[in-house]
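Hi,

Here is the structure I promised to send over.

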Number of protein chains: 4
Amino acid sequence: MGYGVGIFGASGYTGGELVRLVDGHPEFRVEVLAGSTSAGLALRDVHPQLSGGDRRLLAMEQAAEHNIDLAILALPHGASAPLAMNLLDRGIPVVDLGSDFRMDTPDRYLEAYGSEHAYPDQLGEWAFGLPELFEESIVGADRVAVPGCYPTSAILALRPLLAAGLVTPKPITIDSMSGASGGGRSAKPNLTFGSIDEGVTAYGVLTHRHRPEIEQGLVVGSQEPTVVFTPHLVPMQRGILSTCHAPMASSGTSAGDLREVLEASYGKSPFVEVIDRPPQTRWVIGSNRCLLWVGVDPRTGTALVLSALDNLIKGAAGQGVQCANLMLGLPETAGLELNGWMP
Amino acid sequence: MGYGVGIFGASGYTGGELVRLVDGHPEFRVEVLAGSTSAGLALRDVHPQLSGGDRRLLAMEQAAEHNIDLAILALPHGASAPLAMNLLDRGIPVVDLGSDFRMDTPDRYLEAYGSEHAYPDQLGEWAFGLPELFEESIVGADRVAVPGCYPTSAILALRPLLAAGLVTPKPITIDSMSGASGGGRSAKPNLTFGSIDEGVTAYGVLTHRHRPEIEQGLVVGSQEPTVVFTPHLVPMQRGILSTCHAPMASSGTSAGDLREVLEASYGKSPFVEVIDRPPQTRWVIGSNRCLLWVGVDPRTGTALVLSALDNLIKGAAGQGVQCANLMLGLPETAGLELNGWMP
Amino acid sequence: MGYGVGIFGASGYTGGELVRLVDGHPEFRVEVLAGSTSAGLALRDVHPQLSGGDRRLLAMEQAAEHNIDLAILALPHGASAPLAMNLLDRGIPVVDLGSDFRMDTPDRYLEAYGSEHAYPDQLGEWAFGLPELFEESIVGADRVAVPGCYPTSAILALRPLLAAGLVTPKPITIDSMSGASGGGRSAKPNLTFGSIDEGVTAYGVLTHRHRPEIEQGLVVGSQEPTVVFTPHLVPMQRGILSTCHAPMASSGTSAGDLREVLEASYGKSPFVEVIDRPPQTRWVIGSNRCLLWVGVDPRTGTALVLSALDNLIKGAAGQGVQCANLMLGLPETAGLELNGWMP
Amino acid sequence: MGYGVGIFGASGYTGGELVRLVDGHPEFRVEVLAGSTSAGLALRDVHPQLSGGDRRLLAMEQAAEHNIDLAILALPHGASAPLAMNLLDRGIPVVDLGSDFRMDTPDRYLEAYGSEHAYPDQLGEWAFGLPELFEESIVGADRVAVPGCYPTSAILALRPLLAAGLVTPKPITIDSMSGASGGGRSAKPNLTFGSIDEGVTAYGVLTHRHRPEIEQGLVVGSQEPTVVFTPHLVPMQRGILSTCHAPMASSGTSAGDLREVLEASYGKSPFVEVIDRPPQTRWVIGSNRCLLWVGVDPRTGTALVLSALDNLIKGAAGQGVQCANLMLGLPETAGLELNGWMP
C-alpha cells in the first residue's frame, strides 16, 4: 500500500533528507535507494543518523529497473537528464531536484550552464516545481523540476510584487546567505571545518548559476528582469536568508500595500507566511516553511523583502515531496513539517 | 479524540520540543500551554519556529485548572513539586522532566540538592522514567520522574554491565560533553555566544547535581557505586556524549562479552542501539535514540562505554513522551522519531 | 618611558582588545583601566585571556584623575561625551571609539540618534578617525572620533570611487554581515549561544544608526548619498563583510578602472589591500587589515565592492591605536598586526 | 641581523602559525619557506591571512640547501626524519614539531607507530621539547623534538604530581577535547564543516598514538604509568582541554597540597599558570599559555587536573619557538604571546 518511491542520489545531504521525509510520509515508502560512488553501501554507512541502517544503496542503473511509483532525483548537474528520460520512458513520474530541467529555453540554459542541453526539446516541458506560484502546472504532471534553494527564496519573495506592478525589475539586488550544506557533502578544501567556521565569504560573485534561474522565475509578462545576485557562505549547516531589493514602481506605495499583496498571494499556502519582523533562518530549520518580511525605504524608493527557508527542505527535499504530493493528488502537506527545530 | 496534554514550562527549550512532539503525536494534542514569565504571550513570541503561533501561554495556576488527560512538566528545580501534587490530587497523571522527584530517598535528595524535600513521602513513590531499564514501573503509573540528560546517557551505558557483574562500580569515571541547550534558555553571562563559541570548559566539577542521580541509577543489589562525574560544555546546540570508564571485574572478559550483555539488554528497545564504532552526537540529534559503543582496555582492566543522545529529546522531551506512552498504554514509539537530522 | 594610556571601558570586547594591543605596543603602556559595573574587579575576572591579571579596574571618575598621556574610550553611546570633555579640559588627548562625536553636524546627529547632542559645538570639531582617508586631520589632533565597524568597511570600499566620479551615490545598497562581538558583551536574550548559533538574521533593518554615519563618510563635494543599509548577524565571533553596490557613472568603466582607483588610494596604506578575489573575513581576523575586491556587473551597470575587516580591530581597537599613533607622531603601524590568525 | 629561520611544512595550520610567530619575533626572520604539494605557490595562496603574500614556498630539498641558522619542521609523520638528519649534517639546529624523534627507545616507537624507526640510534638523542619540565636538556641542544599537543597538555598536568609522589600512575584516565585544527588542514570527509559542526565524537579510541607518548612523559624513576587516553573532537578551530584523573597516593592529601606542588613546579615558568577555577580553552587561544586547575574527589581518592592550551601554539608552533629560544640562548619568551584572543 502507498506509493513506492525511488530515491536517486541518496547519499548526499538532500538524499538523506529525502529518506527521512519519505520514511515519515503517510503515503510513501522507500522502495529503492541509489547512489553512484556509494552504491553497495548500507544506509548506516552513509547516513548514520537514519534508522533502518541495513537498507542498501544500489547502482543507478540497477535501481532504475525497479518497479517504483515515483522517482525523486537528487543528482549533480548533468546526471539527471539521461536517467530522467529513461524513467519517464518507463512511465515513472519524476521529480528532479537537480538543475537539468529547470530552464525554460535552450538559450537560458546556455546562459546559465555554458553548454548545449542534451535534450533541448525537454526545456519548457517540465513543470517548475514551486507550488505556491505554479501549482496548476504541477498537479498531475509527470515531470517536475524543482527550483534551486536560492531561486526558491528569491522568487517567493519578489514575484507577487512584480506581478502586481508594485515593484520594477531593473535592477533587482539580492544578497543571500547560505549554510554550508548548500555546497554539498564532498570533501573539498573550501568545505572543511577549518575553511568555513568563524568566517563569511561571498562566492560565485557575478557568475552564480542561480542568477539566470532567478531571472526566469521573475519574468512577468514581457518584462525581463535583471538581477545582481551575490550568495554568501556563512558558518552554519542549514538555512538561507535572502535580502532582496527592488525599485518601487510608485512613491505612493507603502510597506502595508506590499504586505497585503504577499499575504493575498500566500494566504492559502500552508508553507509560506508573511510575518511582522525580519525572519531568522533558525525559525524555519527543520520545517518546509518560508517566512517573508517586507519593508519600504522611502528615501531611496526601495522595497526590501527578506526571505528565510531551510535550503535542504523547502529549498530541496521538502519542496520535492510537496511537488510529489501534488503530482499524485495527495494533500500538499502530507509528510511535511510545519514545526521547526530551534535550537 | 486523543489525549489532551498540558505542557507546563512551555517557553524553554524542552518546552518547545514538547510542543513539537505533541503536535506531531498521533494520539496527543496540546490542550493547554503554561509559562511563568512568559504567561500571556503567544507561542510565536516564544517559539517562532513553531506553527500555530497564536496559541497563548497561560499562567501556571490557570492552566492547572484545565481539563487535561496528562500533564508534562518542564520546570526549574523546585517548581515541579507543588504543581505536581496539585495535579495528582485532581487525578491527572504527571510526567515530570524536572528534578524534584527523581531521588529515591530524602538522604539522596539532600546530598544532591543540599536542602530538605518539601514532600519527602513522595520520594521513592515516583517511577524512574527510563523506559529501557525500568519499564515495568512506568507502565500504568500516574507519576513518573524522567531522569536528567546526563544520567540517562550514563545509566543506559553502564547499568546492564554492572547488573551482569562484568564491571565493578568503585570508582566509575564519567566525562560528559554537552551542547549549550542543556544550560537552559535564559540570558546568563556564561551562556552568551561570545562565552561559548569556539571554546570548551568543564563545569560543575566535583559538585554537579547529576552525580548522585547517576549513582542512584547504577545501584544494583547492595552495591553503592562511587562516580567521578565531570560535565563539559562544548560549542553546539544539542547533544550529549558520555565517555564512561568502569573497572573490569575479571581480566578474562572481552569487549565482545560486554557488547553481548548490552545487546541483550536493549535488543527489544527501539531507541537504544549498540553500534560497532564510536557514536557521534550528530547521529542522534533530532531522534529519540541513544547509541552505545563498548570497548576494553586490557592494559588497565578498564571497560570503556561511549553513549550519545540528544539532550532535549532522549534526554528530556522525547523520553517524557516515551514514558507518557507507556503510562497510557500506547505504543512506546508513538510520536517519536527514529531518524535524526544530520546535518 | 613611552606613553601612559588610560583605557576607559576596559571590560567589553573592544576594551579587552585595547589592553592586548597596548600591552604589545612598543611605545605605549597601560597606565590605568576603568570600568563602570566592573570597577573594582581584577583584570583576570573580566578578561581571563589576558596576562597581568591582578591589574584592577577603577571607577571612571577615579581613573580620569590619573596622569595619563592618552585616553582611549570604548564606552556605550552617550557615556563618552562628558568624560571626553573632562579629559580634554585636563589636556589629555582623547581617542573615542564610541559614537558620541562621529557626526559632523547636530542635524545628522539628531537623524542618527533621535535626540539633541549635549555638546553640539563639538560636532565637526573631532577628526574622523579613518586614517586611510582622513589622515591629515588626525595627525597631531587632540580629539579623534573613530568610525563604527560597519562605516569603516563601507567607506573604505566606496569613497575613492565616488571621489573619482566613477560611481554615483543614489542609491547605494550595502548588505553587511557581522560576527556577534559587534553586539557587545552583555547577556541579552538575542545574544545567547542558543539565539545565534546556526542561524542568520537581518537586524536594525532600515533603522540602523550606522546608516547616517556611512552617508556622512561618503559625502564628496555637494553630493549627498542615499544608502540602503542592512546589517546581518552571522554565527561567528568576529569579522565584517560588506557587500556594497553602487550605480556606475558610465557604461564604459571597467572593473580594472575601479581597481586602479582603489589601488591608487590605498597604495601607501599598510592596512588596506585590494586583492584579486573576494575576501573572506577569516583572512583579516586578528590583524588591522581591510581587504577589498571590486567587480562590475555590466548588465545592470553596478559596481560591486566587497570589504572585509575584523570589527574589533580595524573596526574598533586597532583603528583606535592607529589613530593614536598618528596623533602622537608615531609610525602608523606601531603595535598593530599585519598577520591574521586563521584558523 | 638576527637568526634566519627555515620553516619546513609551511602550508599547514602549524606552518602558518610558525610564519606569523617568526615574522613577529624580535630576533628571528623567515629565511626560507618550504612545502611539498604547495611548493612553488605564493604565501598568499596558502595563507591569505598573512602579509608579505608574495613570498614563495620552495620544494623541501631546495629549501634545505639555503643558509639558515635554524630549521623548524612541521611535517607529517615520517617526513621529518631524513630531512632532519640532512640538516643536522650541515650543522643546522633542528626543532621538529613532528612525531619522528619524540620516542626515547625503539620499543616505544614501535608501540606507538607500529613500525621500525629508520634512524633507531637517534631515539633518546633528541631533547624532549617541553621546556617547563625538561629545560636543561633543551638549552644549547641542536636537536629538539617537541611533544604533541595532547601530551603537552597531559604531561604538564600530571608529571609534577607523580614526581612528588602525591598521585600514582596506574591507571591514569585522560579525556581530552580538541578543536578541528588538530586534525590538520587536508580535505578529508571527516574534516568537512558538515561532519564536525554541531557534534562531538571520540576518535582514536584505545589506539591513539599519543598514548605511548603521554606515558613516556609521565615516567618518573622506575614507575611505568598506564594511561587510558580518549581524545574527542569538538566543533571549534583551536584549543585542547584535558581532563586528567589519577589515583591519590594517600587519603590525607588535599587539593591545596596538589596545587602547591604544581605552583612550585611552574612558579618561574611564564607560560604555565595554576588558577583557581576550571580553565576554558578560550582563555588560552592565541597565547603560548597553559592553564591548570587541580581538585580532589575524596569519595574515590581521585586527583582531577584540568589543563587548557592552544594546540597550534603551546601545543605546536609556540612551543617550537620557545624551544628555539632556549637552544639559541635567547629569552624564553621572545616572540611569544602571553595575552590571548578571546573572543
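In chain A, the domain assignment gives domain 1 as 3-146 + 316-327 and domain 2 as 150-309 (these bounds come from an automatic or database domain assignment). Before going further: this is a predicted model, so local features need pLDDT of at least 70, side-chain atom pairs count only at pLDDT 80 or more, and totals for chains, interfaces and linings use all residues. Residues are numbered from 1 along each chain as its sequence is written, while chains are lettered from A and ligands numbered from 1 in the order in which they are written.

Taken over C-alpha atoms, the centres of domain 1 and domain 2 of chain A are 24 Å apart. Where they meet, 15 residues of domain 1 of chain A are in contact with 15 residues of domain 2 of chain A (contact here is two residues whose C-beta atoms, placed from the backbone, lie within 7 Å). On the domain 1 side, α5 (106-113), α6 (131-138) and α11 (317-327) of chain A each supply at least two residues. Helices (H or I, at least four residues) and strands (E, at least two) are DSSP runs, numbered from the N terminus. The most comes from α5(A), which gives four residues to that side. By class, the domain 1 side has six nonpolar, four polar and five charged residues. For these classes, Ala, Val, Leu, Ile, Met, Phe, Trp, Tyr, Cys and Pro count as nonpolar, Asp, Glu, Lys and Arg as charged, and the others, Gly among them, as polar.

Now the chain pairs. Between chain C and chain A, 37 residues of chain C are in contact with 37 residues of chain A. Strands do a lot of the talking here: β8 (172-178), β9 (201-202), β10 (227-233), β11 (240-247), β13 (290-297) and β14 (302-309) of chain C are the elements that give two or more residues to the side touching chain A. That side of chain C has 16 nonpolar, 16 polar and five charged residues. The same surface serves both copies, as 100% of the contact residues of chain C recur in chain A.

Chain D also touches chain A: 15 residues of chain D are in contact with 15 residues of chain A. Helix α8 (residues 193-196) of chain D provides the largest share of the chain D side, three residues. The chain D side divides into seven nonpolar, four polar and four charged residues.

Next, a helix pair in chain A. Two packed helices are described by the angle between their axes and the distance between the axes. Helix α7 (residues 149-163) and helix α9 (residues 210-217) of chain A have axes that come within 9 Å and cross at roughly 30 degrees. Axes are lines fitted to C-alpha atoms, for helices over the stretch in contact, and angles run from 0 to 180 degrees between N-to-C directions. That crossing makes α7(A) roughly parallel to α9(A) (angles under 35 degrees count as roughly parallel, over 145 as roughly antiparallel, 65 to 115 as roughly perpendicular and the rest as oblique). From α7(A), Tyr150(A), Pro151(A), Ala154(A), Ile155(A) and Arg159(A) meet His210(A), Glu213(A), Ile214(A) and Gly217(A) of α9(A). Five of these contact residues are nonpolar, two polar and two charged.

Some backbone details to finish. Lys170(B) and Pro171(B) are joined by a cis peptide bond, with omega about -10 degrees, and Pro171(B) sits in the loop between α7 and β8 (172-178) of chain B. In chain C, a cis peptide bond links Lys170(C) and Pro171(C), with omega about -10 degrees. Pro171(C) is in the loop between α7 (149-163) and β8 of chain C. Glu198(A) is not a glycine, yet has a positive phi of about 60 degrees; Glu198(A) lies in the loop between α8 (193-196) and β9 (201-202) of chain A.

Cheers
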